[in-house]
Amino acid sequence: MTPGSFSNMASSWCNKKISSVISVFVCFLLVVSSKICPVSSSETGSRHATNQTFRPQEELQKLKFDMLVGSCLSLQSPVGDLIDCVLSHQQPAFDHPQLKGQKPLEPPERPKGLEPTGMVTENFQLWDLSGEACPEGTIPIRRTTEQDMLRASSVRRFGRKLRRHVRRDTNSNGHEHAVGYVTGDQYYGAKASINVWAPRVSSQYEFSLSQMWVISGSFGDDLNTIEAGWQVSPELYGDNYPRFFTYWTSDAYQATGCYNLLCSGFVQTNNRVAIGAAISPTSSYSGGQFDISLLVWKDPKHGNWWLEFGNGVLVGYWPSFLFTHLRDHASMVQFGGEIVNSMPSGFHTSTQMGSGHFAGEGFGKASYFRNLQVVDWDNNLLPLSNLRVLADHPNCYDIQGGINRVWGNYFYYGGPGRNVRCP
C-alpha cells in the first residue's frame, strides 16, 4: 500500500467516486449496527479492568474487525500508521453517558488579541502531506493495533500516564522536568509555540515530551490537568517519531483521563488533524527550525476547554463536566519538557529532552518555547508577567528564560541525560 492510499476498494470508492456528503451517508450505513474501536470506549476499559486474563489474540482480532467496520475509509501514513475516518458522532467521546446522543459543538468565541484566522489549514503531520483527508462529518483516528496493545506494560493502564506527584521535586517517580510556569492568579487558557525535535529515547518504557499543562487542584488526589504538545513514546506508538498528543485527568492520573482519543473525554471536531499522528517536519541541529503553535482556552459561553493548532485550526474540546476544579479556572500554567528516567543498569538514562542539548547552546541547537501567553477572565490573551523557570535535575536537563520584542516570554531547555555531570 502506498502512503496516503486507501486501504481497500470500498474505501477508495467512498472517497473518490462520490461526494463527501454521500460518503458520510455510506459510512453511516456501515456503522449503524456497530461501534468503532472498542479499546477506546469506557465500557471496554472496564471489562479489561475486571477480567484478569487478557487474551490478546482473541480480543485484538475483534478490535481490528470492529475498527474496519466502524470506519468509512482508512488512509496509511508514510510511517505505517493507519488513520481511520470515523463519523464525528461515533467517536469515543460519545460513549460517555453525558454525551450520548449529542453532536460536537459549534466553534466558540476565540480569545481577544489573536490574529485573524488563516484561510489555509497548515499541514504538519506526515499522513496529511498527500493532500488527502477525511471527508467532512468525519474525524481521523489513529488506529490502535495489536502491537500497540502488546507493548503496553499494563493493559489496564494502556493509554494512561502512571500516577505520580506533579510537584517539581526530586521525588517524582523517575519523571524529570525542565519547565517554565506561572501561578498565583486565575487562568482561563494558555498559548505557546513549541520547537519540535526527535529526541532519542533509550528504553521502550521511557518517553520524552514537550507540552503545556493547564492545572488546577491541590496537587493531591483531586488534581485536574489539560495537556497538549508533542511526545516521543516507543511504548505508546512503537517508534521514535515525535507525535502530536493530548492528555487530561481529573484525579491526579488515577482512574480518569487518557492520551489522545483512547477513552471517552476529548471531543474532536477537525477532519484534518489526527491526534497521535507523527509530526513533520522536525528541527535539526544547526539547521532548519520548526515549531507548532498551540492554544488552550475556556469557552466563556459554555465553559468547555478548546484546543487550537496554528492560526485558527480548531482541533476539539474537553467538556467542562470532565473536571472538578477546571470547571471554573486554572490556578497554574506550565510549559516545558518531561522525560522518564528508568535508571537502566543503575545509571541515569541517556534519553534526551528537547533537542538533546543544554539551554546555553541557544537557537538552532537547544529546543525552545516562545511567545508564552495566558488567557484572563475576560477572554483576553495576555503576555506573562511573572514567568519562573525550574529544572529538577539541572545537570541532566536545564532551562534558561528570557524576553524580547519578537518572541515575548520564551525559554530554551533540554539536555542529553546521562553525561559526566549526570552519572
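Is Cys258 buried or exposed? Select Cys258: the residue is buried, with a relative accessible area of 1%. Buried means under 20% relative accessible area, exposed over 50%, and partly exposed in between, with a 1.4 Å probe and protein chains only.

**Before going on**

This is a predicted model, where local features need pLDDT of at least 70 and side-chain atom pairs count only at pLDDT 80 or more, while totals for chains, interfaces and linings use all residues. Residues are numbered from 1 along each chain as its sequence is written, and side-chain values use heavy atoms, with hydrogens and water left out.

**Stop 1: the disulfides**

A disulfide joins Cys258 to Cys263, with S to S at 2.1 Å. The term covers a pair of cysteine sulfur atoms within 2.5 Å. The torsion about this S-S bond is -85 degrees, and the link of Cys258 and Cys263 is left-handed. Cys263 has 12% relative accessibility and counts as buried.

A search of the whole structure finds 3 disulfides. Next, select Cys85 and Cys134. Their sulfurs are joined at 2.1 Å. The torsion about the S-S bond is about -80 degrees, so this disulfide is left-handed. The pair links distant parts of the chain, 49 residues apart. Cys85 sits in strand 2 (residues 82-87), and Cys134 in the loop between strand 2 and strand 3 (138-142). Strands (E, at least two residues) are DSSP runs, numbered from the N terminus, as are helices (H or I, at least four). Cys85 is buried at 0% relative accessibility; Cys134 is buried at 3%.

Now select Cys396 and Cys422. The S to S distance of this disulfide is 2.0 Å. With 90 degrees about the S-S bond, the link is right-handed. This pair, too, links distant parts of the chain, 26 residues apart. Find Cys396 in the loop between strand 16 (388-391) and strand 17 (398-404). Find Cys422 in the segment after strand 18 (408-414). Cys396 is buried at 5% relative accessible area, and Cys422 at 3%.

**Stop 2: the nonpolar cores**

Select Trp230, Phe244, Ile292, Trp318 and Phe335. These residues have the most contacts inside the largest nonpolar core, which has 91 residues. Such a core is a set of buried Ala, Val, Leu, Ile, Met, Phe, Trp, Tyr and Cys residues joined through side-chain atoms within 4.5 Å. Strand 13 (residues 330-340) gives the largest share of this core, 6 residues. A second, separate core has 9 residues, including Leu75, Cys85, Trp127 and Ala274.

**Stop 3**

Two strands pair if DSSP finds at least two bridges between them.

Zoom in on strand 7 (residues 224-232) and strand 8. They run antiparallel and are joined by 7 bridges. Trp230 stands opposite Phe244 in strand 8.

**Stop 3: Ser320**

Finish in the loop between strand 12 (313-318) and strand 13, where Ser320 lies. Ser320 is buried, at 17% relative accessibility. Select His302, Gly303, Asn304 and Arg327: Ser320 touches these, not counting residues up to four places away in sequence. Contact means heavy atoms within 4.5 Å.
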